[in-house]
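Please read the following report alongside the sequence and the coordinates. It takes up the chains, their contact and some local details in turn.

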Amino acid sequence: MRYYVQRVFQAIITFVGGLFLTYCLYRLMPGGPVQAIVARIVSRRVRQGRPVDAQEIGAQAERMTGINPEHGILEGFYNYVFNIVVYQDFGRSIGFSDPVFDVLFRAMPWSLFISGYGLLLGFTATVLVGTLMAWNEGTKTDSGLTVFVLTMNSIPYYVGAIFMLVIFGFEWGVLPTGGRFPQSAEPGFNAEFMIGVVSHGAMPILSTFILGFAAGSLGMRANTVRIMGSDYLRSAELRGLSTNRILTRYLARNAILPIYTGLVIGISAVFSSSVVTERIFQYPGVGWYMLEALELQDYPLVMGGFVFFAGLTVIAILIADLTYGLIDPRAGDAASRESF
Amino acid sequence: MTDDDIQSDGGATKEEIFGTGDAVERARTPPAQRLKRMYDIYVRTPLLVGWSDWRTRIGGLGILFYILMGTVGVLIVPSPQINEGPNFLGPFEDFSIITGTDYIGRSVGKQVVHSTPAMLQMALAGIVFAIGLGVLIGLVAGYKGGTIDRALMTVTDVFIVLPGLPLIIVIASIYPPRDPFLVGSILAINAWAGLARQLRSQVLTLREEDYVEAARAMGLGTPTIIMQEIMPKLAPFILISAAGAATAVIVASVALYFLGILPFTSDNWGVMMNFARLRGNAIANPGHAGHWLFLPLLALSGLTFALTLFSQGLDRVFNPQLRARHSKTVTDDEGGEP
């Protein structure tokens, strides 16, 4: 129990630490987000020939960013977090003229859909291929798969994405090249919408899958080969258990343990790479909005996107950490170490 | 020590306290021989060991090829000029410009060659930054333990949690980096954290070893123990991570240049791909400008392939456990077959 409390506590600390670091960056932007917005409002007013009231504009900019320039970084950070926690108020997006929370909240499920499916498929394939390679160790299957995995592993994920886009999207025209679902479809429980979602998501998911798949399978293979020599497996064989049972219950379960940590780091890699993936496929998820916001100098949205990614990564790592205790009961016994 | 000193073993050995007579022997061997021995230990043996694995061999040759391309290749291949040929000349159409040309008639192949130095500089900066910070923090945290460990690991966790590419994008928008070395360092900003964590967990087992305890009992300082006792054991792992860091930096930089997030200063593969996409419409119309997009992509994939192969091979070569395990399962055939 203490382990869980400790982990949750640690996760909160890292999350707040990360937020603080970014908030400092956010405030240190040249000119600062508040000044950028003030300048924009002033120029618009002047163009429209309306009176320029410094105080009113200042208040408006403050409302839009959630930043009071008279506050120091620490006080401002406290206010920023307070607003997020209590009111879910991330400020107002300048480019999309909506509250940041609404923009991100609408985009969030789509990002999770892409990353989650890609990651899940990738991890399953990692385990399967790794075990398969180890089971057939030294045969042609093994070396063939090793070469295949190495190639997949070494080629950057967006190379696959670009090739897919060129071939499936434009040359053959079988898959759509942008958007989340067809314009004509009515969101809801109908065939057109659902097929549209799948076909629009297919390429982003596939390219996330490639990213998540190759990384761990060689490690999985090494673990499995090591475990295959151990005595408890031989005794399981002697007891006449079926190959299937040995593979799933005895071999794969133990071989997964060491690469589980790799999966944890993989989660944050997948989330952060979704910025590139969503941009290439023009898939309006959180990453797409974040890049768009950067180009529009929409600082509240950039910051909001950042909070989203950091939060998601913290939660994912926390879940992985907490479940690690479940799958490996030995975890956490290194707690009492002497310090030099 | 003179012969007049009283020695507990009657002077049978010339060993100094806690030494193995290294200093004495070093004084006896002539410099030429010492040089030869150093060459043997630090150059020849690793090369031979590396050569024995096909992955390291191919990967190493690949890396060497790119380094040559970035240094000698730039001198041999003339720099690309405007109007070398017709605009958007396809590959293999004109054999004097075999790679085809871009939107102002520059040879794509020459551009790829002349972009290599910038890529290598970025990779080098990334390696230095990521490895330096990762090694420092990982080793100190793992060895010292206690409060220092907890504090350093909290910082590391913060950087692991921060999503890498979004963070880089935010930083790059605040301080647009222009120098390739600076770009490389910024891109490596979250690469060190994972390495620090991995190194720490390795040090956690090393620090309990007898020889480290002996060094501690002798009263050696923490920096000495870390540098001389712990670091050499982890050197192969650090080398492998260096290849990994280089790959990460190259992949991230090309992605960001391709999407047009980093300011274009020097020619590099990502900038080429960006231009191919925007000016040549290469993605929607690959028959027209595809070669302009795919050649830098090919060069990039080749480099990351060589680096990955190299690090995978090194892992195998340096990991005696893995090697022993491997040879055991091959010769012994026990439990290997279903």
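A helix, as the word is used here, is a DSSP run of H or I that is at least four residues long, whereas a strand is a run of E of at least two. By that reading, in this predicted model, residues 289-310 of chain B are 100% helix and 0% strand, with end C-alpha atoms lying 32 Å apart. Residues 58-77 of chain B are 95% helix and 0% strand, and in that span the end C-alpha atoms are 24 Å apart.

The secondary structure of chain A consists of 12 helices and zero strands, while that of chain B consists of 13 helices and zero strands.

| Chain | Residues | Buried | Contacts joining residues at least 24 apart |
|---|---|---|---|
| Chain A | 340 residues | 41% | 72% |
| Chain B | 338 residues | 41% | 68% |

**Confidence**

The model as a whole scores ipTM 0.78 and pTM 0.79. Chain B has an average pLDDT of 79, and 86% of its residues score at least 70. Among the elements of chain B, the highest mean pLDDT, 90, belongs to H4(B), and the lowest, 47, to H13(B). Over residues 325-338 of chain B the pLDDT stays under 50, and for this stretch the model has 17 contacts beyond four places in sequence.

**The contact between the chains**

Chain A brings 57 residues to the contact and chain B brings 45 residues. On the side of chain B that touches chain A, at least two residues each come from helix H4 (108-144), helix H5 (146-161), helix H6 (164-174), helix H10 (222-258), helix H12 (286-318) and helix H13 (320-332) of chain B. Of these, H12(B) gives the most, with nine residues. Sorted by class, this side of chain B has 25 nonpolar, 13 polar and seven charged residues.

**Helix H4 of chain B**

H4(B), the element of chain B with the highest mean pLDDT, has 37 residues and reaches 53 Å from its first C-alpha to its last, which is close to the 54 Å expected at 1.5 Å a residue. After H4(B) comes Gly145(B), whose phi is positive, near 70°.

**A loop residue in chain A**

Most residues other than glycine have a negative phi. Gln282(A), although not a glycine, has a positive phi of about 50°. This residue is placed in the loop between helix H10 (243-280) and helix H11 (286-295) of chain A. Is Gln282(A) buried or partly exposed? Gln282(A) has 16 other C-beta atoms within 10 Å and therefore counts as partly exposed, since a residue is buried if 20 or more lie within that distance and exposed if 12 or fewer do.

Methods:
Residues are numbered from 1 along each chain as its sequence is written. Chains are lettered from A and ligands numbered from 1 in the order in which they are written. This is a predicted model: local features need pLDDT of at least 70, side-chain atom pairs count only at pLDDT 80 or more; totals for chains, interfaces and linings use all residues. Two residues are in contact if their C-beta atoms, placed from the backbone, lie within 7 Å. Ala, Val, Leu, Ile, Met, Phe, Trp, Tyr, Cys and Pro count as nonpolar, Asp, Glu, Lys and Arg as charged, and the others, Gly among them, as polar. The expected span of a helix is 1.5 Å times one less than its number of residues. pLDDT is the predictor's confidence in each residue, from 0 to 100.
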